[in-house]
Amino acid sequence: MRDFNFAEAKEMFLNYLKWREEYRVDAIHKEFKFEEHERVKKCYPHGFHGVDRNGRPIYIERIGMIDVNQLLQVTTVERFVRYHVSEQEKTLKLRYPSCSIAAKTHVASTTTILDVQGVGLANFSKPARYIFMEIQKIDSCYYPETMHRLFIVNAGSGFRMLWKVVKAFLDARTLAKIKVLGYNYLNELLEVIDLSCLPTFLGGNCTCDDYGGCLLSDKGPWNDPDIAEIVQAITTTTDEENNNGEEDHIETTAPQSALARNMKIRGLETALADTKKKIEALEDLLDQTKILGTMSTGDLLSIDPLELKFPFELKKQISCSLQLSNKTDSYVAFKVKTTNPKKYCVRPNTGVVLPRSTCDVIVTMQAQKEAPADMQCKDKFLLQSVKVNDGVAAKDINAEMFNKEAGHIVEECKLRVVYVSPPQPPSPVAEGSEEGSSPRGSVTENGNSNGAEFSNAARALADRPEFQEKSLEAKALISRLTEEKNNAVQQNNKLRQELELLRRESSKSSSGGISIMFVIFIGLLGIILGYLMKRT
């Protein structure tokens with residue numbers, strides 16, 4: 001999720017799905033043919049050329065040589081933008097997977113070189129600005145986070161003045177990926193790119209004469225037949241699963257060499273690792289979406305706060321509190337569960353909240369000997385609530401009350417655990433400013449500041465009509481994410497099945513026939529016997 005902002009990430013994801021459907025992105029490779037490709041390259045020099053030292057594809061543009069008027073004579077803006085989308089899809093579906101197989105590591109970003117030599121006002125005409133804005137909008141909205149590093153080379157004084165204005169509109173994270181270099185840029189490029197992958201016009205030794213120039217060659221591992229075969233096999237498996245939705249039998253249609261089979265095994269192992277990461281990311285996104293959904297759908301209890309924030313310290317017991325508020329005129333029973341019961345103590349873990357009243361629940365985390373990686377915690381809590389008869393007490397609560405199969409209407413709310421830095425000792429000014437404020441409105445006993453303000457704001461937001469609409473969107477997103485997760489799991493199982501079959505075939509091939517060691521042994525035995533027979 002971008003900047004870890006769930007609401008923005010959710011909206012971006014929904015817009016992405018809608019755009020792909022309306023723009024028919026999945027059919028673009030079948031329906032769209034860009035016959036003017038070579039003519040466009042002459043007036044807009046650009047293209048992929050080789051990989052950097054970490055295996056990422058290199059993309060090059062010579063902005064100063066763009067002739068927009070000539071470009072619009074050989075194609076239209078709409079066709080050029082559609083061509084750009086088709087290239088982005090090719091990068092996602094072919095270039096990145098091929099680079100991952102060749103580099104034996106996950107590759108999902110590009111190293112870009114922009115040659116701005118000769119850039120002038122003509123390059124920023126109205127048609128040029130429109131094309132660049134359309135492409136930039138598509139890339140930032142629908143293909144984000146694919147740029148690993150950007151080198152701007154041959155930047156003269158004019159461009160540097162322009163850059164001072166442009167960089168004011170870029171965030172710090174994007175700026176950190178960009179290097180603006182003058183005319184002595186070669187050493188900087190050679191730190192990340194081998195000389196053989198740099199065209200001569202950038203100081204390298206590659207000309208790609210056989211292709212008419214480096215930017216026409218599309219040079220890279222994606223053109224290796226063996227790697228392309230692996231990617232095609234994986235893509236075909238995925239397409240068949242998505243299109244047919246049926247279980248297909250995996251079979252080998254033709255004999256394969258041991259080398260090709262081993263390469264395919266490595267490719268499948270990489271694909272399996274990628275799908276596993278995808279499934280984990282989808283599960284995390286699903287959990288957070290469900291948490292967002294429960295913020296506005298609870299009709300029985302309101303929960304404060306909506307996250308369990310522990311100021312983490314080693315070898316120290318830490319507690320935080322939940323306040324449950326009954327929003328009804330009925331008695332409401334509750335039960336608290338956790339995915340890690342040995343780590344937490346919940347008091348009370350069951351209880352009854354009287355009509356229009358509140359109940360405090362204390363969650364204590366046992367002392368931890370080691371700090372978690374990146375201070376991330378995957379533990380979660382589930383709070384169940386159900387209406388019960390008037391007069392029911394905590395001792396009367398049993399598991400059957402929360403049994404949905406018995407017809408009980410049980411509300412559930414998932415709460416995630418978040419580790420925060422320990423609170424700093426307050427200054428005298430801060431203490432004075434808190435006089436007269438309520439204990440829950442400022443700093444709680446466990447040092448969790450601003451928790452009440454956040455939760456109160458969240459509850460107020462949940463009561464607004466527009467947030468109720470967002471809740472419906474969250475439900476729709478949950479359905480889509482669940483479907484995508486199920487597809488990813490099926491794909492994972494399919495790849496695993498194919499990988500096991502290939503490994504069995506490889507094992508049979510290595511065990512079948514006469515081993516070379518056996519042949520050598522027989523040969524040596526024959527020589528020894530012959531020698532002995534001659535001696536006798």
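Cys214 has a relative accessibility of 5%, so the residue counts as buried (under 20% relative accessible area, with exposed over 50% and partly exposed in between, for a 1.4 Å probe and protein chains only). The model is predicted: local features need pLDDT of at least 70, side-chain atom pairs count only at pLDDT 80 or more, and totals for chains, interfaces and linings use all residues. Residues are numbered from 1 along each chain as its sequence is written, and side-chain values use heavy atoms, with hydrogens and water left out.

Cys214 belongs to helix H10 (residues 214–217); helices (H or I, at least four residues) and strands (E, at least two) are DSSP runs, numbered from the N terminus. Apart from neighbours within four places in sequence, Cys214 is in contact with Phe48, His49, Pro199, Cys206, Thr207 and Cys208, where contact means heavy atoms within 4.5 Å. Pro45 is 169 residues from Cys214 along the chain, and the C-alpha atoms of the two are separated by 9.9 Å.

## Nonpolar cores

A nonpolar core is a set of buried Ala, Val, Leu, Ile, Met, Phe, Trp, Tyr and Cys residues joined through side-chain atoms within 4.5 Å. The largest one has 33 residues, of which Trp19, Phe80, Val85 and Ile152 touch the most other members. At least two residues of this core come from each of H1, helix H3 (37–43), helix H4 (68–74), helix H5 (77–103), H6, E4, helix H7 (157–166) and strand E5 (178–180). H6 supplies the largest share, five residues.

Beyond residues up to four places away in sequence, Ile152 touches Leu114, Val116, Phe159, Trp163, Ile178, Lys179, Val180 and Leu181. A second, separate core has 28 residues, including Leu308, Phe312, Met365 and Leu383.

## Aromatic pairs and charges over rings

The whole structure holds twelve aromatic pairs. Rings of Phe, Tyr and Trp (its six-membered ring) pair if their centres lie within 6.5 Å; planes under 30 degrees apart count as stacked, over 60 as edge-to-face and the rest as tilted. Trp19 and Tyr143 have ring centres 6.0 Å apart and planes at 90°, so they form an edge-to-face pair. This pair links distant parts of the chain, 124 residues apart: Trp19 is in helix H1 (residues 6–23), and Tyr143 is in the loop between helix H6 (126–142) and strand E4 (147–153). Trp19 and Tyr143 are both buried.

Tyr344 and Phe381 are also edge-to-face, because their ring centres are 5.0 Å apart and their planes are at 70°. Tyr344 lies in strand E10 (residues 344–347) and Phe381 in strand E13 (residues 380–388), 37 residues apart; both are buried. Elsewhere, ring pairs join Phe32, Phe34, Tyr44, Phe80 and Tyr83 into a cluster.

Two arginines are placed over rings: Arg62 lies 3.8 Å from the ring centre of Phe201, over its face, and the charged end of Arg95 is 5.6 Å from the ring centre of Trp222. The criterion is NZ of Lys or CZ of Arg within 6 Å of the ring centre and within 35 degrees of the ring normal.

## The five-stranded sheet

Five strands form an open sheet in the order E7-E14-E13-E9-E11, with mixed pairing; two strands pair if DSSP finds at least two bridges between them. Strand E7 (308–311) and strand E11 (350–353) are the edge strands, each pairing on one side only.

Strand E9 (residues 331–338) and E13 run antiparallel and are joined by eight bridges. Tyr331 has Val388 in E13 as its bridge partner.
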